[in-house]
Amino acid sequence: MTYLFQMIRFFLTALLCSLFCVAVSPQTVSTEVLVTGLSSPVSVRRDSRSIPYIEARNDLDLYFAQGFTTASDRLFQMDLMRRLSRGETAEIFGKTTLEEDKRWRRFGFARIAEETLKVMDPQLKTAIEAYAKGVNAYIATLDEKSLPIEFRILQYRPTEWKPSDTLMIGKILADALSTTWRNDILRLSLQSMPKDKLADLTNPVTPYDVVLFGTDDKRSSVSGVRPQEPGDISSLLAATDREAAVRKSSLERVGLYAEDLAASNNWVISGKRAAGGKAILANDPHLAPTTPGIWYLTHISTPTMRVSGVAVPGVPGVLLGHNADIAWGATNVGPDVQDIYSETFNEKGEYKTPSGWEMPVKRSETIKFRPNPLSPATQSETIEVLETRNGPIILEQDGKKYALKWTSLDPRNNEFEVFYLLNRAKNWNDFKRALRSFGGSAQNFVYADTKGNIGWYAASRIPLRRVGDGALPYDGGTADGDWIGYIPFEELPHVYNPPSGLIVTANQRIVGTSYKYPQMSRDAATPWRAREILNALSAKQKLSVEDVRAAQFDATNLAVKMIADEIVKSSAASPETLELLRKWDGKMTPDSTAALLASDIRVCMGNKIADVNKPAPASVVRERVLNWALRTRSALWLPSEFKDYAALMRYCDEAVRKQFADPKRYGPDQTTWQWGKVWRSRFPHPLASVPLIGTQFQTPTVAIAGSGQSPNVGSNVSMRHITMPSDWDSTSHVIPMGQSGDPRSPHFKDQFDIWANGRLATFPFSKAAVEKAAVSLMTMKPK
């Protein structure tokens, strides 16, 4: 009986313990792995979303383990990104990407990356080298069976990861977020327009702006070279369009295309404006959707540092997130850091300089490609690249050659030192010291700390020109376009603890026209997202995390709503349309018919105005002119075929309804006209379209909320981050798909529902919270 009683008590105790453990913390599965290259053990815990929490005794082991761990989830993505910037994708995809490779080779980034390694901060270089060793240690574990499926499908093995490969990824970020030279040529083409219309098209000021630094006291002007005749420009514009299409397809392949450089929302709320009395930081970058996404959630710690947030696979450390003392986020600024130069060559192959004729530097680039994408056998094609004193020749048209000068072509400007320093920053002064080192595409860095302080700094190296401000192309044979320095760091726009207790950036124009450097945000995005976010947050005196979450997920489109209101006010549409628009709240929700109608009517109106104002692009007219022209009933912009704007609105309503009723579009049943028909989730994998094998890489395609001008931009929301420095363990951080790049993994797309519905997802930070959330523990030990 005693034995039986003991057995019953044992099983009851085990059962209760089991029930208790399930209720409090998932069971942790432990494994060990021996790895060559470590000096001491490293623990890698993973939570239910497979986020790695890497804990090491020193920095070298930490970055080694981060490289190893990230490669275990995203090796093909890492390999594809380095191939992209090195111009080596045709070697695995065939001739379809050969033009993309040629474009990247012209920049010469492979040489620049190696030169950057020689001059970068020694500590950062050591971290990058340790990370590379970790990646290679993982690659060494792979055989034909364990090789990620993409490599097996494409029939190749990844080569050794080099430290310079990390820097090559930085160049993709730079291309995605700071390519503005086409705008110089576009502005040149507009010089043929009437002066009053040109002034409107180039006027940066709108009633909806959210300016953070300076005031608007005058209109800006463009300067550069003397305008050419329109006939000289049309073919050049066509050539830039072709180049832009190649760039777009290339960047979309890795999820880093940012249309019009519009890439992110962020804001910080001071303790006096927060319901809990402590600061709040929010950030949601907007980039081209892809699977796997560009971000990888990670948590790294040593005895002297603890950081969590998102990393870019292939890059050590955390790019956006928080440590134990501060949090930071980033959005694109859109300054002019590129200039295009018309170079004059003579019959000897020399080009004109201010001091006479010189020979350009010539380099040959040999590119491998697969004649048959199904076979790994390759052939080669060699291109010759010319470089003048201004930069590489990137465009040739009508016998003219154009060179590009760009901050990213200077080896002294690196993209990642700032993040190495931010990971270790403890206060506002450390934050500023980190930003001083930044040489990548200019970012609006927002800041919040555990003491309740908030701040913002627009940082990078913004060129100063000898003549003008880079708005138009330069004649390469003169010294006018020479760069004579950068905007001093102290003079870059910044704010610390503003009286409003609120700082919002969403790629909008951040500086007023009183700011003496107009190139700072000349190529900024339209103000719609920033204005809606500011309106929503300003509506309450005290803001909660729920208010912040709602603002990130807000599908309100102010630009389209304003058009709808003008239509209703003028009764300038059919009774059916007017009924819908009167009831509409401006939110671009999947089931909304009004959203679909109003959006297409706005496009139609912009197109009609642009049709009679060539060469102004319809997109520029729509985003820069249409709303205020309609509001003020500007006679200057009203097409002559319409007697007034009401007639234009009625015309577009009728045209759009006719298009929608076509059975080839939506059909006559108006209830089927819904925004969700056109605005859907889309996260393509590079191999998803491959016949037979592509289905395994497919991701959910469903109707979702948002639009291009809403705070919530739908599939382009690459992650959402909300954190309170007073309670790091309540941080929410979510990505659209999942941590793993393996379509067979349960973590390939397990975060989609959370992301699609705008829900929060806790990302624990403290050691106790991490251990509680862990479902697995891998201990990496020196071999």
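# Chat on a predicted model

Biologist: Cys-652 first: buried or exposed?
Modeller: Cys-652 is buried, at a relative accessible area of 0%. Buried means under 20% relative accessible area, exposed means over 50%, and partly exposed is what falls in between, with a 1.4 Å probe and protein chains only.

Biologist: What sort of model is this?
Modeller: This is a predicted model, where local features need pLDDT of at least 70 and side-chain atom pairs count only at pLDDT 80 or more, while totals for chains, interfaces and linings use all residues. Residues are numbered from 1 along each chain as its sequence is written, and side-chain values use heavy atoms, with hydrogens and water left out.

Biologist: Back to the cysteine. Which residue does a disulfide join to Cys-652?
Modeller: Cys-604, with an S to S distance of 2.2 Å. A disulfide here is a pair of cysteine sulfur atoms within 2.5 Å, and the count by that rule is one.

Biologist: At what angle do H18 and H20 pack?
Modeller: About 120°, with the axes 9 Å apart. Axes are lines fitted to C-alpha atoms, for helices over the stretch in contact, and angles run from 0 to 180 degrees between N-to-C directions. H18 and H20 are therefore oblique to each other; under 35 degrees counts as roughly parallel, over 145 as roughly antiparallel, 65 to 115 as roughly perpendicular and the rest as oblique.

Biologist: Does H18 pass H20 in a left-handed or a right-handed crossing?
Modeller: The crossing is right-handed. A crossing is left-handed if the near helix is turned anticlockwise from the far one by less than a right angle, and right-handed if clockwise.

Biologist: New topic. How many aromatic pairs does the structure hold?
Modeller: There are 31. Rings of Phe, Tyr and Trp (its six-membered ring) pair if their centres lie within 6.5 Å; planes under 30 degrees apart count as stacked, over 60 as edge-to-face and the rest as tilted. One of the pairs is Tyr-457 with Phe-489, stacked at 4.6 Å centre to centre and 10° between the planes.

Biologist: Where do Tyr-457 and Phe-489 sit?
Modeller: Tyr-457 is in strand S18 (residues 454-459), and Phe-489 is in the loop between strand S21 (483-486) and strand S22 (494-496). They are 32 residues apart. Tyr-457 is buried at 2% relative accessible area, and Phe-489 is buried at 12%.

Biologist: What kind of pair do Tyr-515 and Tyr-517 form?
Modeller: Edge-to-face, at 5.5 Å centre to centre and 75° between the planes. Both Tyr-515 and Tyr-517 are buried.

Biologist: Which residues do ring pairs link into a cluster?
Modeller: Trp-428, Phe-431, Tyr-447, Tyr-457, Phe-489 and Tyr-496.

Biologist: Which ring does the charged end of Arg-103 sit over?
Modeller: The ring of Trp-104, 5.4 Å from its centre. Lys-197 lies over the face of Trp-637, at 5.1 Å from the ring centre. A charge sits over a ring if NZ of Lys or CZ of Arg is within 6 Å of the ring centre and within 35 degrees of the ring normal.

Biologist: On to the backbone. Which residue does a cis peptide bond join to Thr-291?
Modeller: Pro-292, with omega about -5°. Pro-292 is in the loop between strand S5 (280-284) and strand S6 (296-302). Another cis peptide bond joins Lys-614 and Pro-615, with omega about 10°. Pro-615 is in the loop between H18 and helix H19 (618-632).

Biologist: What is the phi of Asn-507?
Modeller: Asn-507 has a positive phi of about 70°, although it is not a glycine. Most residues other than glycine have a negative phi. Asn-507 is buried, at 1% relative accessible area.

Biologist: And the phi of Arg-633, what is that near?
Modeller: Near 55°, also positive in a residue other than glycine. Arg-633 is in the loop between H19 and H20 and counts as partly exposed, at 31% relative accessibility.

How values were computed. Helix = DSSP H or I, 4+ residues; strand = E, 2+ residues; numbered from the N terminus.
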